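The sequence and structure are shown first.

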Amino acid sequence: MSGMRAGAAPRYALIQRALHWLIALMAVGVLGLGLTLDAYGFDGLNAAFGIEITNMVFKYHKTLGVLILAAMAARIAARLAFGAPPYAAPLTRFERAASRLTHGLLYLGLVAMPVLGWSATAASGFPVEFFNWRLPGLIGVDKPLGAALYTIHGAVAWGLIALILLHVAAATMHGVVKRDGVLSRML
């Protein structure tokens, strides 16, 4: 539980705070690209922007997913190593339960999404790209399975969007309305 300053509320360790904000930025980017892919589809994106832009959108969606998976592995390791700082002001029972559930589902979703996307891509017979490298597929080609995994990947994305909005709303409530020091743990 490093990150303690004299007279200040306890904070997460610097590596935990850095990973939180890095993952948040990447999640916004990957979800934005994913929503673009969902709205246009391959053919629509290609017709609107051309094959080079279409391929670039797919490549960087996949690249961000792989980066999020690696960052989440580091974040889980950091959480195990450093734990979480105590709350400066006690939370209600409901707030504590909601916080644990939301954080657990965020962690699960941020690990599951890239694994589902990587598996769906491989099962559909498409390349799994990381910048300009091709990564091995997690599973073999099975197009019906790939289609099912893409459907699950999309459903989990909407769940993650809802969780992120809930998380931001709760952080805003604690930082602006309650001013109880909860938000300062991650700043």
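## Terms and basis

On a 1 Å grid over the protein atoms alone, a pocket is an open set of points where a 1.4 Å probe fits, with protein on both sides within 12 Å along at least five of seven lines; its lining residues have an atom within 4 Å of a point. The model is predicted: local features need pLDDT of at least 70 and side-chain atom pairs pLDDT 80 or more, while totals for chains, interfaces and linings use all residues. Residues are numbered from 1 along each chain as its sequence is written, and side-chain values use heavy atoms, without hydrogens and water.

## The second largest pocket

Lining the second largest pocket are 34 residues, and Leu37, Phe58, His61, Tyr150 and His153 lie nearest its centre. Two or more lining residues come from each of α1, α2, α3, β1 (128-130) and α4; helices (H or I, at least four residues) and strands (E, at least two) are DSSP runs numbered from the N terminus. The greatest contribution, 9 residues, is that of α1.

## The largest pocket

The largest pocket has 47 lining residues, with His20, His103, Leu106, His167 and Ala171 nearest its centre. At least two lining residues are supplied by each of α1 (14-49), α2 (51-82), α3 (93-123) and α4 (143-178).

## Glu95

Glu95 belongs to helix α3. This residue is buried (under 20% relative accessible area), its own value being 14%. Beyond neighbours within four places in sequence, Glu95 is in contact with Met173, His174 and Lys178, where contact means heavy atoms within 4.5 Å.

Definitions and conventions
Buried < 20%, exposed > 50% of the residue type's maximum accessible area, 1.4 Å probe, protein only.
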